[in-house]
Amino acid sequence: MSRFRSRAAAVLGSALLAFAGISTAEAAPAAPWNPVSNASAAPKTLSADVWTPARMEAAIPADNARHISAPAKDQPSAAPRRTPLSVTPAAPKAVEQPVPATQAGDTATGPTLAATVNASNLVGKVFYHNPANGNDYVCSGSSVNSAAQNVVLTAGHCVYDGAWMTNWIFVPYYDHGARPYGTWYAANMTTFNGWTQNHYREYDVAFVNVWNNADTLGHTVGGEGLRTWGSIPQAVLGVTALGYPAEAPYDGQWQYYCLGSATLDTSDNTLGMPCPLNGGSSGGPWLQNYDNATGLGYAVGINESTSGSTLYSSPFTSAVSNLYNLVQDDVYS
């Protein structure tokens, strides 16, 4: 759905409520799976120099470990069930030879997992400023295939944490300060009401529409595929997790990976897998069917938070499908 149509729908919905004699102020609270967006105020002339090497180096790893809330027991855990979504990965205009990522730790392997993993051009580092506390932070994210070729998948706490983030950029294939595929600026950030209002962990997912004067993100690095489920799965097999961990013993300068399978934690409806990735890797993708030659796979989760040696992801249910469909054809030029 385009941004214009979504705004029109919101206006129409308010008009219908008023016609029915129901005040919009008396309407029921928004469901946790409802989307909420914020268009960035970043001007089109924003320079990459805003993020100098020194400022990047000083940015703090985002850590979501303190957000440990689950939906109330009387709250449905996910949006109404719909047909699972499957978006096919897309290659960029030109495919370059990948470079091996670094293994974060020994984890379980399966028949669909490679012995080693090449770093993906589609995965990158996220930098942003949080006006709520005045600090700069780092996260991770990945380019996702879309009609507009401008969508980045990341964690909800990498776009909203007490306030909408500002000076938000995505640097695909960040390599020790190098930006081989340029800098991409946030045009619009979209996450769930259940995250911004309640910090429900299963809604800690976000999509960011980005722009760059040179080309679209998808044409430049390609786009990962996307898979969702009709309901929360009990297990997800064959996962390759990628990100830029920035807490010791990592320094946030290069991609790390874990291989394994995830199981459902019913206490807060999140999926967990053995993996030592830590702060800074938040928002990096969980990929199935990862292709070492192209860096392409199907995103089925994100690095949401960590506890000890377990990495957690929000489940990609129909709520994520709805969020993606809302933004995937929005064009910002």
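## Aromatic pairs

Eleven aromatic pairs turn up in this predicted structure. Rings of Phe, Tyr and Trp (its six-membered ring) count as a pair if their centres lie within 6.5 Å; planes under 30 degrees apart are called stacked, over 60 edge-to-face, and the rest tilted. Helices (H or I, at least four residues) and strands (E, at least two) are DSSP runs, numbered from the N terminus. Trp51 and Phe127 are both buried, where buried means under 20% relative accessible area, exposed over 50%, and partly exposed in between (1.4 Å probe, protein chains only).

Now look at Tyr174 and Tyr244: their ring centres are 6.1 Å apart and their planes are at 80 degrees, so this pair is edge-to-face. It too links distant parts of the chain, with Tyr174 in the loop between β8 and β9 and Tyr244 in the loop between β12 and β13, 70 residues apart. Tyr174 is buried at a relative accessible area of 3%, and Tyr244 is buried at 0%. Together, Trp51, Phe127, Tyr174 and Tyr244 make up one aromatic cluster.

## How to read the numbers

Residue numbers start from 1 along each chain as its sequence is written. Since this is a predicted model, local features need pLDDT of at least 70 and side-chain atom pairs count only at pLDDT 80 or more, while totals for chains, interfaces and linings use all residues; side-chain values use heavy atoms, with hydrogens and water left out.

Most residues other than glycine have a negative phi, and most peptide bonds are trans. Against that background, Tyr173 has a positive phi of about 60 degrees although it is not a glycine. Tyr173 belongs to the loop between β8 (166–172) and β9 (184–192), and is buried with a relative accessible area of 8%. Asn289 also has a positive phi, near 55 degrees, but lies in strand β15 (residues 285–291) and is partly exposed at 43% relative accessibility.

The peptide bond from Ala248 to Pro249 is cis, with omega near 10 degrees. You can find Pro249 in the loop between β12 (235–243) and β13 (256–265).

## A closer look at Asn145

Asn145 is in the loop between β6 (135–144) and β7 (151–154). It counts as buried because its relative accessibility is 15%. Its side chain makes a polar contact with the side chain of Gln149 at 2.9 Å. A polar contact is a pair of N or O atoms within 3.5 Å; within protein, one must be able to donate a hydrogen and the other to accept it, and residues adjacent in sequence count only if both atoms are side-chain atoms.

Which residues does Asn145 contact, leaving aside neighbours within four places in sequence? They are Val87, Thr88, Pro89, Ala90, Gly223, Glu224 and Tyr324, where contact means heavy atoms within 4.5 Å.
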